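Reader: I have a structure to read and some terms to learn. Can we go through them together?

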Amino acid sequence: MPIQSQNPTTGEIVKTFQELSDFEIAHKIETAQTTFEMWRETTFSERAKKLKKAAEILRADARKYG
C-alpha cells in the first residue's frame with residue numbers, strides 16, 4: 001500500500017511513496033547506525049563546516065525546499 005504526502009490545506013497529493021520491504025528497512029537502519037558511528041567521531045569544527053554548507057544550500061534553494 002503506497003504512502004502519500006498530502007497538502008493539508010488543499011488536499012493535493014504532493015508525493016506518493018512505495019512501501020519498503022523488511023530488507024530495505026533493515027538496510028536503512030544499518031546505514032543510519034554506520035553513519036551515526038562515523039558522525040560521532042567527527043570534530044565539532046568539521047561538523048560546523050558541513051552544517052554551514054547545508055545551510056547555504058537550503059538558503060539558495062529556499063523556494064524549492066519551502
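Author: What follows is a short talk about charged side chains. This is a predicted model, where local features need pLDDT of at least 70, side-chain atom pairs count only at pLDDT 80 or more, and totals for chains, interfaces and linings use all residues. Residues are numbered from 1 along each chain as its sequence is written, and side-chain values use heavy atoms, leaving out hydrogens and water.

Reader: What makes E37 and R40 a salt bridge?

Author: A salt bridge is a side-chain nitrogen of Lys or Arg within 4 Å of a carboxyl oxygen of Asp or Glu. The closest N and O atoms of E37 and R40 are 3.4 Å apart. That is within 4 Å, so the pair counts.

Reader: Why is E37 called partly exposed?

Author: Buried means under 20% relative accessible area, exposed over 50%, and partly exposed in between (1.4 Å probe, protein chains only). E37 has 32%, so it is partly exposed.

Reader: What makes K49 exposed?

Author: Its relative accessible area is 55%. That is over 50%, so K49 is exposed.

Reader: How do you know that E46, K49 and K50 form one network?

Author: K49 and E46 meet in a salt bridge at 3.9 Å, N to O. K50 also forms a salt bridge with E46, its closest N and O atoms being 3.9 Å apart. Salt bridges that share partners join E46, K49 and K50 into one network.

Reader: How do you know that R47 has no salt bridge?

Author: The nearest side chain of opposite charge, E41, is 7.9 Å away. A salt bridge needs atoms within 4 Å, so R47 has none.

Definitions and conventions:
Lys, Arg positive; Asp, Glu negative; His and termini not counted.
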